[in-house]
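Trainee: I am new to this structure and would like to go through it with you. Could we look at it together?

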Amino acid sequence: MPLDFRYRRLAYVALNVTDHARSEVFYRDMLGLQAAGCAGENEYLYRCSAFHHDVMLHEAPLAGLRRVAWEMETTDDLARLQKHFVALGITVHTMGNDYCSALGLPAAFQITEPNTGATFEYCGPMINATTPYTPTVTRIVRLGHVVLGTDSFDDTERFFIDTLNYRVSDRIDGAVTFMRCFPNPLHHSLGLSKSASKRLHHVNFMVTDMDDIGKAMYRARKLNVSVVFGPGRHPPSESIFFYFLDPDGMTLEYSFGMEEFPEINPRPPRRLPLALESIDYWGAVPQPQFGQGGPIETRLTTS
Ligand SMILES: [Fe+2]
């Protein structure tokens with residue numbers, strides 16, 4: 001099958017939270033997101049960029065991942081990807097006009113990723129919000145990446161490489177794979193982590209400056225936010241990182257800096273040994289709660 005579709009970026013992440021009023025305060029005052037209205041009943045949008053939205057929070061009995069959305073370069077790329085899934089026998093759910101318009105999308109469809117059961121949404125280019133984004137407690141540059149835990153690690157990796165044309169940037173031997181959505185240059189927009197169950201591992205937000213990491217440390221202390229790893233520096237991507245928990249115990253990350261890959265002749269992926277030194281240069285040790293992002297909701301959104 002031709003892999004003739006091109007991604008632009010990780011578009012947005014939708015999370016289930018158990019108490020939206022509580023999470024709203026945290027995502028505003030600790031993480032630094034700006035409220036951006038509602039897409040529907042119980043679907044609260046947030047921004048950290050000029051885009052229409054970057055995060056959706058949905059109140060649910062169980063916290064975890066609701067869906068992950070990927071933006072294609074053009075609506076033609078979206079149409080080619082849809083044909084690709086149909087040819088492979090993967091069921092595609094086309095999202096209706098009301099749904100797309102509430103999310104600032106020209107078109108979108110969803111599939112169930114067959115290995116993790118996660119809902120993956122694919123969309124055409126998202127519109128910008130009508131008002132500028134003004135950073136508050138930190139200067140987030142973008143929603144960075146999402147990492148999924150999978151109990152079928154090798155099959156999940158193969159699916160993203162062979163079927164979805166993600167490119168591997170680096171691996172930590174048999175445990176973590178860092179992937180970019182081709183031809184997006186960022187070292188990883190998606191990570192896979194070998195896990196005993198299918199789950200969200202963490203959601204990352206990239207910040208503009210080293211000071212954003214330092215300020216986050218003190219802000220977390222002041223707001224009694226649990227820090228579960230870092231600050232430190234990841235050898236695979238060169239990113240300086242800082243991981244903390246949202247009110248439901250889901251792991252979020254700030255990172256500063258990331259290797260970028262050219263579209264043509266990128267360096268080959270490296271295989272780092274399975275050791276703490278492969279995830280941090282500085283000697284930080286993750287807390288047991290690190291990467292406990294909650295379960296993956298497997299129900300597709302109805303359009
Ligand atoms: Fe990360």
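Trainee: In E16, what is the bridge partner of Leu-245?

Mentor: The partner is Thr-251. Please keep in mind that this is a predicted model, in which local features need pLDDT of at least 70 and side-chain atom pairs count only at pLDDT 80 or more, while totals for chains, interfaces and linings use all residues. Residues are numbered from 1 along each chain as its sequence is written, and side-chain values use heavy atoms, with hydrogens and water left out.

Trainee: What is a strand here, and when do two of them pair?

Mentor: Strands (E, at least two residues) and helices (H or I, at least four) are DSSP runs numbered from the N terminus. Two strands pair if DSSP finds at least two bridges between them.

Trainee: In which sense do E15 and E16 pair, and over how many bridges?

Mentor: Their pairing is antiparallel, over six bridges. Together they form a hairpin with five residues between them, and Gly-249 in the turn has a positive phi of about 85°.

Trainee: Which strand runs parallel to E16?

Mentor: That is E13, joined to E16 by five bridges. Asn-204 stands opposite Glu-253 in E16.

Trainee: How many residues of E16 are buried?

Mentor: Five of its six residues are buried, so E16 is mostly covered; buried means under 20% relative accessible area, exposed over 50%, and partly exposed in between, with a 1.4 Å probe and protein chains only.

Trainee: What is the strand order in the whole sheet?

Mentor: The sheet is open, with nine strands in the order E14-E15-E16-E13-E9-E12-E11-E10-E17 and mixed pairing. Strand E14 (227-233) and strand E17 (270-272) are the edges, each pairing on one side only. On average, neighbouring strands of this sheet are turned by 20° against each other, direction ignored. Such angles run from 0 to 180 degrees between N-to-C directions, and the axes are lines fitted to C-alpha atoms, for helices over the stretch in contact.

Trainee: Which strands does helix H1 touch?

Mentor: Helix H1 (residues 20-31) packs on the sheet and touches E9, E13, E15 and E16, where contact means heavy atoms within 4.5 Å. The direction of H1 makes about 20° with that of E16. Helix H4 (residues 153-163) also packs on the sheet, touching E9, E10, E11 and E12, and its direction makes about 160° with that of E12.

Trainee: Let us change topic: where is Ser-237?

Mentor: Ser-237 lies in the loop between E14 and E15.

Trainee: Why does Ser-237 count as buried?

Mentor: Ser-237 counts as buried because its relative accessible area is 1%. Ser-237 touches His-187, His-188, Met-258 and Glu-259, not counting residues up to four places away in sequence.

Trainee: And Arg-142, where is that?

Mentor: Arg-142 is in strand E9. Arg-142 counts as partly exposed because its relative accessibility is 29%. Leaving out residues up to four places away in sequence, Arg-142 touches Cys-48, Leu-186, Phe-205 and Met-206.

Trainee: How far apart are the C-alpha atoms of Arg-142 and Met-179?

Mentor: They are separated by 17 Å, and the two residues are 37 residues apart along the chain.

Trainee: One last point: which strand does E10 pair with in the parallel sense over three bridges?

Mentor: Strand E10 (residues 166-172) pairs in that way with E17. Ile-172 stands opposite Leu-272 in E17.
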